[in-house]
2 protein chains.
Amino acid sequence: MEAGSDVDVCAKWSETLRVYHNTSCELENELQSRHELGLSEFEVLLILGRTCGDQAGGKAKMKDIEAEMYLSQSALSRTVTRLEKAGLVTRAACDFDRRANFLMLTPSGRERFEAAKPTHRAVLVKHLTDPGSSKRAEACS
Amino acid sequence: MEAGSDVDVCAKWSETLRVYHNTSCELENELQSRHELGLSEFEVLLILGRTCGDQAGGKAKMKDIEAEMYLSQSALSRTVTRLEKAGLVTRAACDFDRRANFLMLTPSGRERFEAAKPTHRAVLVKHLTDPGSSKRAEACS
DNA sequence: TGACATCCAATGCGCGTGCATGTAAGTTTC
DNA sequence: GAAACTTACATGCACGCGCATTGGATGTCA
């Protein structure tokens, strides 16, 4: 750590906090108001969608999903429960290991996901593209 | 938005998530276990400490603190309550505007803060210094 | 086969957060 | 100076999170 690194590190952290909070707040708000999806919920759909290219029923093991997100096992379990209640996802037992669960996108789940994708992308572009990366955003909502 | 920006933006967001989660988790854990301070609590102390250079009793208005952090007004209020209960901070009425509160570091608050500062800095350096910025960290705790 | 460790997912619990609201204090308008 | 509005902070409430625990399914070793 050469001289000045303290200041650099603090500034970098500050910047990370700013970007993270502004972006995730707006993601949360936009996804919720436009598609009735929380951010964690969308992220699960994102992984399911990615897992099977773009055709029907995405399918993944809970454990694998957990490994791809920054969410505890219990939080993931409950997130999936919410998605299941909303009819966007189905839990299916795994034949070879009855401890494990597969997760599958329902048609309605894929539909909702496809609808939400542009919203997600738009927010990311807005916040992660340098030119206007200025200022502090006003509050969360 | 030129071609390829989608991928760039996603990768950038991914990276931001990674850094944010790994860093804030470890900050939280280290501050808690070594100094009995939550991250929000430390951040309030940080602002109070900054507000008055390095000599005695930092002093700032709640509103001003709120403006410097990514925390709702209510969350700040409760964070300060916790700090006050721990004896690290004192609320003091403002003579000119009796709605407003000043916040002051107590000696014990400054002491705790000074003790925690190196821990905070160390974690930042660990996570925000390029060379070892590799991989995914294993879980939170 | 039986005893024990390991693994996956669900659930009880406490905590910190944001939103909406309440209360008290200032400000504006007439 | 009274009424309407705005501002600062606290509080009720619901929610999502992580930790610890539980329960069932596997794996292992004797």
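Predicted model: local features only at pLDDT ≥ 70, side-chain atom pairs only at ≥ 80, totals over all residues.
**Entry 1**

Side-chain values use heavy atoms, without hydrogens and water; residues are numbered from 1 along each chain as its sequence is written, and chains are lettered from A and ligands numbered from 1 in the order in which they are written.

I then turned to polar contacts, meaning a pair of N or O atoms within 3.5 Å; within protein, one must be able to donate a hydrogen and the other to accept it, and residues adjacent in sequence count only if both atoms are side-chain atoms. Across the interface of chain A and chain B I noted two residue pairs in polar contact, both at pLDDT 80 or more.

I listed the elements of chain A that give two or more residues to the side touching chain B: α1 (5-35), α3 and α5 (107-128). Helices (H or I, at least four residues) and strands (E, at least two) are DSSP runs, numbered from the N terminus. The largest share of that side, 15 residues, comes from α1(A). By type, I sorted the residues of this side into 14 nonpolar, six polar and eight charged. Here Ala, Val, Leu, Ile, Met, Phe, Trp, Tyr, Cys and Pro count as nonpolar, Asp, Glu, Lys and Arg as charged, and the others, Gly among them, as polar.

**Entry 2: area and symmetry**

I looked up the buried area, which is the accessible area (1.4 Å probe) that two parts lose on being put together, summed over both. For chain A and chain B the figure is about 2700 Å², with 68% of it on carbon and sulfur atoms. On the side of chain A, W13(A), Y20(A) and Y70(A) lose the most area to chain B, together 31% of what that side buries.

I counted the residues in contact (heavy atoms within 4.5 Å) as 28 from chain A and 27 from chain B. Of the interface residues of chain A, 96% are also interface residues in chain B, so the copies meet through the same surface.

I superposed the copies by least squares on the C-alpha atoms of residues with pLDDT of at least 70 in both. A rotation of 180° with 0.0 Å of shift along its axis places chain A on chain B, with an RMSD of 0.1 Å. This is the relation of a two-fold axis.

**Entry 3: salt bridges elsewhere**

In chain A I looked at E68(A) and R50(A), which form a salt bridge with their closest N and O atoms 3.4 Å apart. E68(A) is in helix α3 (residues 62-68) and R50(A) in helix α2 (residues 39-51), 18 residues apart, and the pair links distant parts of the chain. For accessibility I used these classes: buried is under 20% relative accessible area, exposed is over 50%, and partly exposed is in between (1.4 Å probe, protein chains only). E68(A) is partly exposed at 43%, and R50(A) is exposed at 54%.

In chain B, E68(B) forms a salt bridge with R50(B), at 3.5 Å between the closest N and O atoms. E68(B) lies in helix α3 and R50(B) in helix α2 of chain B, so the pair ties together parts 18 residues apart in sequence. I noted E68(B) as partly exposed at 42% and R50(B) as exposed at 53%. I also noted one network in chain A, in which salt bridges that share partners join R110(A), E114(A) and K117(A).

Another pair in chain B is E30(B) with R34(B), a salt bridge at 2.8 Å, N to O. Both lie in helix α1 (residues 5-35) of chain B, four residues apart, about one turn of the helix. R34(B) is exposed at 55%.

**Entry 4: chain A and L88(A)**

I recorded five helices and three strands in chain A, in the order α-α-β-α-α-β-β-α along the sequence. Of its 141 residues, 41% are buried.

I asked where L88(A) lies. I found L88(A) in the loop between α4 (73-85) and β2 (89-93) of chain A, buried at 1% relative accessible area. Leaving aside neighbours within four places in sequence, L88(A) has contacts that include L37(A), L83(A), M104(A) and R112(A).

Note on methods:
Salt bridge = Lys/Arg side-chain N within 4 Å of Asp/Glu carboxyl O.
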